[in-house]
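Take a look at the structure below and keep it in view as you read. The text walks through it step by step.

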Amino acid sequence: MALKFLVVDDSVTMRRIVLNSLKQIGHEAFVEAADGRDALNKLQADDSISFIITDWNMPDLTGLDLVKAVRANPKYETLPILMVTTRGMKEDIVEALQAKVNNYIVKPFTPQVLREKIEQIIATPVA
Amino acid sequence: MGQVQNMQTLFERLGDLKSFFVYGQKLIPTLQKIVDFMQATIPLLETVNQSIQESTNKLPKAAVQIDSVTNATEVAVTEILDVVDEATSDCVTIISKLESLRTRLDYQKKSIQRLTEKYPDDPDVKELVANGLNPEVILEDYTSVTALAGKIQAGLMNITISLQVQDITSQQLASANHMMNSIQQKLSSLLYDIDVKDLKETADDAKISVSSDLAFNPEARYDKNHETQAFADLLVAENKTQTSQKEIDELFLKK
């Protein structure tokens, strides 16, 4: 089944780069959000969203807060979430994993890394 | 008897007072030096005050300039991405047309083969194949053009990847702006100590405008060596095992 991505980043450039990378690896369905709050609204309004790719540092509601809010809703308990961020400290990665992101990419990334992480998430059976 | 004692005490006190005045006279030059020194430092303090105020007033301008650099680079990157997108789209078209050319080339190759089989001794056919319809030569050109198109496509993708630097540098600039804001606040409080009026001028007229909707990571780095990604992969992998979960929990508790 084709995935529909919710791409969350406050940088227009980064959203475009993520979208271009997704297109390059064969994905076609996307929704964009400029911050965590916008993402939550779009997620609640669109049941066809099947994958979230989110930045961490964003105004209003951060990517980490978005992950926590999404996971707090039983409906989205198994929704795949990939964090794509500049934050590469061990504590950051651990905190994101504790918040239940499925995988983690440190910017700058390549489309190959993006593909690899998406495939890993999809291939991992839901607990 | 009592009066004699009182007089004696009075003389003693007068003696103390005399000693105090004698000491005071000796102290006067020193006090004068202190007063002279303080008078000399007033212009110096005024210079320091003026210098701090000038620096404080320049900070908002620098902050605005940093913001404009961020905006300008974002516009420039968007323009580059427009060009890259168009070139990528052209590349996809070229590769698709080359694929269709390949199909026709295969058909042509078979046709030429049939033609040479049918007319093996015809000099016209031989010349045609030798000079213009040699499928091997055409195939060679096709292969090199296809490789070139693939190389251009990969190059365009590398440009896109490198443009992630804009997001990373904008976070670094936002961090610098934040630091400048802190410095300005410190300088303002210093001005307050020197002259309350100056503080009012700084606070009202020269406040740094740090965009409140800008979230940034002060540690953002443009690092393409992928070591950090490898480290993240390790932690993600470890997170899936019970043993390492313990380690992660310990790390989490340390925070």
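A:Arg87 lies over the face of A:Trp56, 4.4 Å from the ring centre. A charge sits over a ring if NZ of Lys or CZ of Arg is within 6 Å of the ring centre and within 35 degrees of the ring normal.

A word on the ground rules. This is a predicted model, where local features need pLDDT of at least 70, side-chain atom pairs count only at pLDDT 80 or more, and totals for chains, interfaces and linings use all residues. Residues are numbered from 1 along each chain as its sequence is written, chains are lettered from A and ligands numbered from 1 in the order in which they are written, and side-chain values use heavy atoms, with hydrogens and water left out.

Now take chain A as a whole. Its secondary structure comes to 5 helices and 5 strands. Helices (H or I, at least four residues) and strands (E, at least two) are DSSP runs, numbered from the N terminus. Along the sequence, the pattern is β-α-β-α-β-α-β-α-β-α. Buried residues make up 60% of the 127 residues in chain A. Buried means under 20% relative accessible area, exposed over 50%, and partly exposed in between (1.4 Å probe, protein chains only). Contact means heavy atoms within 4.5 Å. Among contacts in chain A between residues at least 6 apart in sequence, 64% join residues at least 24 apart.

A:Phe5 lies in strand β1 (residues 4-8) of chain A and A:Phe51 in strand β3 (residues 51-54) of chain A, so the pair ties together parts that are 46 residues apart in sequence. A:Phe5 is buried at 0% relative accessibility, and A:Phe51 is buried at 0% as well. The rings of B:Phe20 and B:Phe21 have centres 6.1 Å apart and planes at 65 degrees, so this pair is edge-to-face. B:Phe20 is exposed at 55%, and B:Phe21 is exposed at 52%.

Next comes the interface. The contact takes 41 residues from chain B and 36 residues from chain A. Across it there are 4 salt bridges. Such a bridge is a side-chain nitrogen of Lys or Arg within 4 Å of a carboxyl oxygen of Asp or Glu. A:Arg16 forms a salt bridge with B:Asp82, with the closest N and O atoms 2.6 Å apart. On the side of chain B that touches chain A, α6(B) gives the most, with 8 residues. B:Thr160 is found in helix α3 of chain B. It is buried, at 2% relative accessibility. Leaving aside neighbours within four places in sequence, B:Thr160 is in contact with A:Ile17, A:Asn20, B:Leu81 and B:Val84.

Last, some backbone exceptions. Most residues other than glycine have a negative phi, and most peptide bonds are trans. A:Asp60 is not a glycine, yet its phi is positive, about 70 degrees. A:Asp60 is exposed, at 56%. A cis peptide bond joins A:Lys107 and A:Pro108, with omega about 0 degrees. A:Pro108 is in the loop between β5 (103-106) and α5 (111-123) of chain A.

Key: Rings of Phe, Tyr and Trp (its six-membered ring) pair if their centres lie within 6.5 Å; planes under 30 degrees apart count as stacked, over 60 as edge-to-face and the rest as tilted.
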